[in-house]
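User: I would like a close look at one part of this predicted model, namely a pair of neighbouring strands and what surrounds them. Please take me through that part step by step.

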Amino acid sequence: MGDMGFVGTRGRVVAAGAVALLLAGCGGGGGDGKAAALDKGQVASVLPDAKAVPGWRNHMKPEAQKPVPDYPPTVCVARTKEQRDTACTPVTSWGVSAFVRKADATTLNFWTLAYKDEKAADAAYDVLIKWYGGDRVGRNAEKVEIGSPGAEREANRAAVGTMAGPATIAQIRVGTTVLGISTGTTGRAVVPDKEVKAFAAMFAERAQQAQNGEKPSATLPSS
């Protein structure tokens, strides 16, 4: 997969002190409800915290920030300047949170990119999926069925990702936001489709709740 960098990907620093990282998805829900623009605080609230992801240890607490001019969000990756101008320059706020599961050395990462309106988010999604979609997670990647969260979505899994074990990457657009999820491991255990689907459904619901003017409350079911 390309430059990203939290817990398990290939390179880039997502925020000071972040480690390397990957991605995953989730299902449920249909298209968009309301599509309100989110401020920095709302973006932070969309990111799952420890209560939203039971069974995982929080490695990076939810944190959002406004882009610094000339330095696009590190999770916003595009091939050309024109694509960066479409997907990264318009970002109004962005943030990340990350988790680990010690039992099988698996990482789980979430990121949110917020835009001023749905049109900008839609255009950004089309650019970003060229980077995060297909086999960017690893060679011979295969589609992961995550249901129908948000207005647009895609998820892929590879047997060998950047941490040398199975990895998944998912991208979802919910209204004015583009969401990313990744998983990776140094072991051999695959994060099952149903888990990836659950991650995506929960994350997409949190984004929709925020755009509805509600405090995001969606969580994964306790195991």
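Analyst: Strand β5, which covers residues 152–158, and strand β6, which covers residues 167–174, pair in the antiparallel sense over seven bridges. Within this pairing, Glu154 stands opposite Gln171 in β6, which gives you a place to begin when you follow the two strands in this predicted model.

Two helices pack on the sheet that holds these strands. Helix α3, made of residues 118–132, touches β5 and β6 and also β3 (106–114) and β7 (177–185), and the direction of α3 makes about 165 degrees with that of β6. Helix α4, made of residues 193–211, touches β2 (93–101), β3, β5, β6 and β7, and the direction of α4 makes about 155 degrees with that of β7.

Stepping back to the whole sheet, you can see that it is open and has seven strands in the order β1-β2-β3-β7-β6-β5-β4, with antiparallel pairing. Its edge strands are β1 (57–65) and β4 (142–143), each of which pairs on one side only.

Some of these elements also supply the largest nonpolar core, which has 31 residues, and in which Val53, Leu108, Phe110, Ile181 and Phe199 have the most contacts. The elements giving two or more residues to this core are α1 (40–46), β3, β6, β7 and α4, and among them α4 gives the most, with eight residues.

Technical notes: Residues numbered from 1 in each chain as written. Predicted model: local features only at pLDDT ≥ 70, side-chain atom pairs only at ≥ 80, totals over all residues. Heavy atoms only, no water. Pairing = 2+ DSSP bridges. Helix = DSSP H or I, 4+ residues; strand = E, 2+ residues; numbered from the N terminus. Contact = heavy atoms within 4.5 Å. Axes fitted to C-alpha atoms, helices over the stretch in contact; angles between N-to-C directions. Core = buried A, V, L, I, M, F, W, Y, C linked by side-chain atoms within 4.5 Å. Buried < 20%, exposed > 50% of the residue type's maximum accessible area, 1.4 Å probe, protein only.
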